[in-house]
Amino acid sequence: MGSRGDTKEFRPRSVLVLDANGALMGEVSFAKAVRAVVSGRAVVLDPRQWTRLDSLPVSIYLISVILFPQAHAKGKIKLLGKGKRVILRRDGFRCQYCGKHASTIDHVQPRCQGGPTSYINLVAACLVCNNAKSGRTPEQAGMTLLRPVPSPRQILEERLALACNM
Ligand SMILES: [Zn+2]
């Protein structure tokens, strides 16, 4: 997919944000992360060594984790982006019922049965499963979720663990 290393084709992604103690605070866009580092509010962290880099790395595109030395995490973690895209990205564009490519999102507890449009009640689904399930709960439709819906914190912790092992 695309030519790697060509900065023109670089696809913006999110950067994990840690507080002074290394606790996860959330994620920001790549552009926001660079601005925070350039302005001196944040430092780049090398997640493999868990050490701070004093300046931007040779390839700034390697930035995956930044740390705000003045910040203290509190409250809930929010994932970057809005709505459908966040859910599809969280679930890796995989239908959470059959594992095939997902292009739609499904209310696990259907809206017509009072299910909220919230992070925890939405999953990625392919069109076939979404239509088959229709206005029913998974139990009513005889379908099961491939995995429980992960919390935003779980998502970011997984990504942090990945970055540490890269
Ligand atoms: Zn499906």
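Author: Read along the sequence, the protein follows the pattern β-β-α-β-β-β-α-β-β-α-α-α. That comes to five helices and seven strands, where helices (H or I, at least four residues) and strands (E, at least two) are DSSP runs numbered from the N terminus. Residues are numbered from 1 along each chain as its sequence is written. This is a predicted model, in which local features need pLDDT of at least 70 and side-chain atom pairs count only at pLDDT 80 or more, while totals for chains, interfaces and linings use all residues.

The domain assignment, which is automatic or from a database, gives domain 1 (7-75) and domain 2 (83-151). Their C-alpha centres lie 32 Å apart. The C-alpha trace of the protein spans about 55 × 40 × 25 Å along its principal axes.

The part to look at is the open sheet. Five strands form it in the order S2-S1-S5-S3-S4, with mixed pairing; two strands pair if DSSP finds at least two bridges between them. Strand S2 (24-29) and strand S4 (51-53) stand at the edges with a single partner strand each, so one side of each has no neighbour in the sheet. Neighbouring strands of this sheet are turned by 40° against each other on average, direction ignored. Such axes are lines fitted to C-alpha atoms, for helices over the stretch in contact, and angles run from 0 to 180 degrees between N-to-C directions.

Within the sheet, strand S3 (residues 43-46) and strand S5 (residues 65-67) pair in the antiparallel sense over two bridges. Val44 stands opposite Ile66 in S5.

Two helices lie across strands of this sheet. Helix H1 (residues 30-38) lies across strand S1 (14-18), S2, S3 and S5, and runs at about 105° to S2. Helix H5 lies across S1, S2 and S5, at about 80° to S2. Contact here means that the C-beta atoms of two residues, placed from the backbone, lie within 7 Å.
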